[in-house]
Amino acid sequence: MKNAIRLVAASALLMSAGAVFSQQAAPVAAVAAEPRNVVQLSAAGMVQVEQDMLTITLMANKEAPTLAAAQTQLKQALDEALAQAKAGAQPGQMDVSTGTFSLYPRYGKDQKVLGWQGRAELRLEGRDFGRITGMAGKIQSMAVSDVSFGLSREARAKAEGEAQSQAIEQFKTRAAELSKAFGFASYGLREVSVSGSGISVVPQGMRMAREKMASFASDAPVPVQPGREQVSISVSGTVQMR
């Protein structure tokens, strides 16, 4: 019995000593040398490229006394436009897709349904501006409701690569200049982040083209003019001068 008591007491003593050692060692392990001679900086690269993607949205509005009649008229207009557009479609050059197809009631003053209205959309999108604008002018069952420009994946990727190279070179130059200014011979990269954005620049000619859309001949190509897009990449991070 005495031996058992001694063993229990010894175990408790060892556990207590281990806890004390752990508590004393923890602050020592937690202490870490703070980085010195660290500077934070950022740089940006920007490339302006001509937009090479065109999207023309065609729209049909129909009104009828009943829901079924409005839906039938809207479907006929869309079917006719879709068949005509698909006949001239070419992957990448002019892709065809449908957009909004909606029907809603038209109410009178007494909140009774007087009739039904509907709207359908068809989109022509691609790189072949002549094919797209020509088709938009030929389709008679729908009218042009919107024209927009953008960049293809290939054009955007190329522009982003150029802008990124500019930003990285500028970042490296600034890091070297700052290190030299503070009396250091070189620097080491600690962390870095890269982000990008694109801004469309619409020329005056594009605004004029939109104003003229209502007056062009029904079978003539839609007048359009692409703008340019600014693709920018920013690089920010920290370097340690040494």
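Predicted model: local features only at pLDDT ≥ 70, side-chain atom pairs only at ≥ 80, totals over all residues.
Apart from neighbours within four places in sequence, the residues in contact with Ser 232 are Gly 45, Met 46, Ser 195, Gly 196 and Ser 197.

## The four-stranded sheet

Elsewhere in the model, four strands make up an open sheet whose order is β3-β4-β2-β5, with antiparallel pairing. Its edges are formed by β3 (95–107) and β5 (143–150), each of which pairs on one side only. From one strand to the next, the twist averages 20°.

Strands of a sheet pair through backbone hydrogen bonds, either parallel or antiparallel. Here β3 and strand β4 (residues 113–126) run antiparallel and are joined by eleven bridges. Among the pairs between these two strands, Val 96 has Leu 124 of β4 as its bridge partner, while Phe 101 stands opposite Ala 120 in β4. The hairpin of β3 and β4 has five residues between the strands, and in this hairpin Gln 111 takes a positive phi near 65°.

## Helices on the sheet

The sheet that contains the bridge partners Val 96 and Leu 124 is also packed against by helix α2 (residues 67–87), which touches β2 (53–64), β3 and β4, and whose direction makes about 165° with that of β3. Helix α3 (residues 129–138) packs on the sheet as well, touching β2, β4 and β5, and its direction makes about 10° with that of β2.

## The nonpolar cores

The largest nonpolar core holds 22 residues, of which Leu 54, Ile 56, Leu 58, Leu 122, Leu 124, Ile 139 and Met 142 touch the most other members. At least two residues of this core come from each of β2, α2, β4, α3 and β5, and the largest share, five residues, is supplied by α2.

How values were computed:
Residues numbered from 1 in each chain as written. Heavy atoms only, no water. Contact = heavy atoms within 4.5 Å. Pairing = 2+ DSSP bridges. Axes fitted to C-alpha atoms, helices over the stretch in contact; angles between N-to-C directions. Core = buried A, V, L, I, M, F, W, Y, C linked by side-chain atoms within 4.5 Å. Buried < 20%, exposed > 50% of the residue type's maximum accessible area, 1.4 Å probe, protein only.
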